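Hi,

Here is the structure I said I would pass on. Have a look at it first, and then read my notes below.

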Amino acid sequence: MTIAKRIIIINSLVVLTVSLSLGILAGKTAAGVLERTVESGMQDEAVLAAKLMSETIHSQLNVLQELANRARTQTMDFAVQKESLLPDIARLKADDFAIVYPNGQAPHLKGGEAPDLSSREYVQNALQGRQAVSDLIVGGAVSTPYPLINYVVPIIVNGTVEGALLARNNATVFSDVVKSVATRSGGYGYLVNSAGNIIAHPDKDKVMQGFSALEAAKRDDAYKTSAEALETILREKQGSLRHDIEGQRMLIGYVPVPDFDMILVVMTPEETILQDLDKLRNSLGIFILSFIGLGIGTAWVVARSIAKPVSDMALRFREISQGKGDLTQVIPVASRDEIGDLAHYFNLTVYSIKGMIVTVKGQAGLLKDLGHELSIAMAETAGSIKQITAHIQRIKERVICQSASVTETNAAMDQIRGNIDKLSRSVEDQTKSVEQSSSSIEEMLENINAVTQTLVKNTKNMLELTEASGIGRKSLQEVSEDLQDIGAESEGLQEINKVMENIASQTNLLSMNAAIEAAHAGETGKGFGVVAGEIRKLALSSSEQSKTISLILQRMKVSIEKINSSAKAVLNRFEAIDKGVRTVSDQETRILSAMEEQGAGSRHILETVGKLNDLTYQVKSGSAEMLNSSREVITECRNLKTITGEITDSMAEMASGAEQITFAVHQVNDLSVKNRDTINLLVQEVARFKVD
């Protein structure tokens, strides 16, 4: 077989073998890398989405906790709490708020219902001092076109849990977070609780139904594979798997939501990965076939260009070799064609080799000495490279530590920025509260002034009332004395009446005696008898009038005694009223003094609130500057992290390079030894050539 055919066959086999080997290796490697990249990407997406979900829930709970920490919320007075919290329902875009009391009763602020939630586990957690969230709420007593979830936080007063604040929110935000998971085409994500019920899903109907593949599989075998995958997810909590879901092979990644009993699941069809893999394999196949064709063509051209001159030169080289290194022989130039040119250039080559051999003989001795020096220098170089490698390794370890510190610093700065955001929102709330407090204190100060003016008028009225009470008591005393005098005079009238009764009795006796004497006188005494009758009538009339007057006087005496006792009672009451009026007057004076002091204190509080308002605005401005500064620091930390990562990679490359240099130095050292031996051999071999 000619050399041309051998060159073509050998090169073709080499190109074919290398191309196929590289294609198969590249295909397998690319497939593995692609699958691992997709799995890692899905896992990273699930982790990010789970963290985002956890932060979303914690953010809602923290905002609700701030409301629960308000002084008006901690009063546990529902009317005060309702007035304070109603504006926050619209501000926080909540569905409703409720105050949960220790017995589990939960009156709602807007809806008006007051269900008993004592059996709810999340409510019991809040009443024990822990923040909690409920499972998804769909249907039931509250019918909404969207799913609901309850956030609940404890209301703590002086270290004691007095109740809980519950917020009923739209849970579609969970589905929005799930939709933001950047899976590959055809993939999607969803959120399940520990029981396997769907909490968030791109399909809203499944969320509203509280769909569970475990329950659906009991009714329909089509969901059996989905239920098997869900059982694995609920059991392992975190990881990845391949499974048939409703007749389609899926790649699934799943992670738990931090701090909450939820699992985030992302999945993508395996055929999506296979499509990319088929594209890669087709591209590799086309490249390999092109490379094989190019290699065979190149081998054929090279073989044709080399084979003939080499075959001619082989004869001459065989003759030179049979001459045992005789370079004095030359090839005669018999023609002027390509063979002649080849012979001519072969002779020139022999002449050049002969000159080189002469030079090599002269330089072989120098090379021998240089080889010895090179061996010594390479040994020293190997030691230096070993020290450099050790220093690079220590620097690499320090750079890794620095990278970890930069990462921790970056995380700390992110947390600081979050705290500054919270501080800014708290300062804004405090500013509003201070403004409201200032307005309330001004109103209170005006009320205190009004009350003070009223108390001043009341003091004047009390003084007038005291004077009027004294005058009334004095007048009543005078009336009582007059009544006593009238009573005494009425007793004198009784005596006079008794005298009049005696006179009437005597007159009656006198008239009877006169009538008897007139009867004894006969006709002469008739006129005297008439007079005696009239006197008798007058006596009887006087007696009756005296009796009537006596009765009237007795009645008058009884009335005067009653009036006198009533006057004494009224007088005693006037004295009590006078004491009460004086007591009220003293209390009015003390109240007036207290209101004046309270007015002065309120004015001082108003001034202090004004200063506090100014300080609040200063704190707000400072927090804004701190927020801007923290953002700049976070940016610089991220740049530093990037630079540190680049330095770490560079140090790793330097360490790898240093190891390679060390290995190369050792190889060069070994080569220098071999070189020395080779030079010795070269001297011996060169001595075999005949050049003159």
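By a nonpolar core I mean a set of buried Ala, Val, Leu, Ile, Met, Phe, Trp, Tyr and Cys residues joined through side-chain atoms within 4.5 Å. Bear in mind that this is a predicted model.

With that in hand, the largest nonpolar core has 59 residues, and the members touching the most others are Ile-57, Phe-97, Leu-165, Phe-174, Leu-191, Ile-252 and Met-262. The top contributor to this core is helix α1 (residues 3–68), which supplies eleven residues. Take Phe-174: leaving aside residues up to four places away in sequence, its contacts include Met-53, Ile-57, Leu-191 and Met-262. There is also a second, separate core of twelve residues, with Ala-106, Leu-117, Val-123 and Val-152 among them.

Now the sheet. Five strands form an open sheet in the order β6-β5-β9-β8-β7, paired antiparallel. β6 (198–200) and β7 (239–245) each have a single partner strand, so one side of each has no neighbour in the sheet. From one strand to the next, the twist averages 35°. β7 and β8 (residues 248–256) are antiparallel and joined by seven bridges; Arg-242, for instance, has Leu-251 in β8 as its bridge partner. Packed on the sheet is helix α8 (residues 224–236), which touches β5 (188–193), β7, β8 and β9 (262–269) and makes about 170° with the direction of β7.

Is Ser-212 buried or exposed? Its relative accessible area is 6%, so Ser-212 counts as buried, the cut-off being under 20%. Beyond residues up to four places away in sequence, Ser-212 touches Ala-195, Gly-196 and Asn-197.

Cheers

Note on methods:
Residues are numbered from 1 along each chain as its sequence is written. This is a predicted model: local features need pLDDT of at least 70, side-chain atom pairs count only at pLDDT 80 or more; totals for chains, interfaces and linings use all residues. Side-chain values use heavy atoms; hydrogens and water are left out. Buried means under 20% relative accessible area, exposed over 50%, partly exposed in between (1.4 Å probe, protein chains only). Contact means heavy atoms within 4.5 Å. Helices (H or I, at least four residues) and strands (E, at least two) are DSSP runs, numbered from the N terminus. Two strands pair if DSSP finds at least two bridges between them. Axes are lines fitted to C-alpha atoms, for helices over the stretch in contact, and angles run from 0 to 180 degrees between N-to-C directions.
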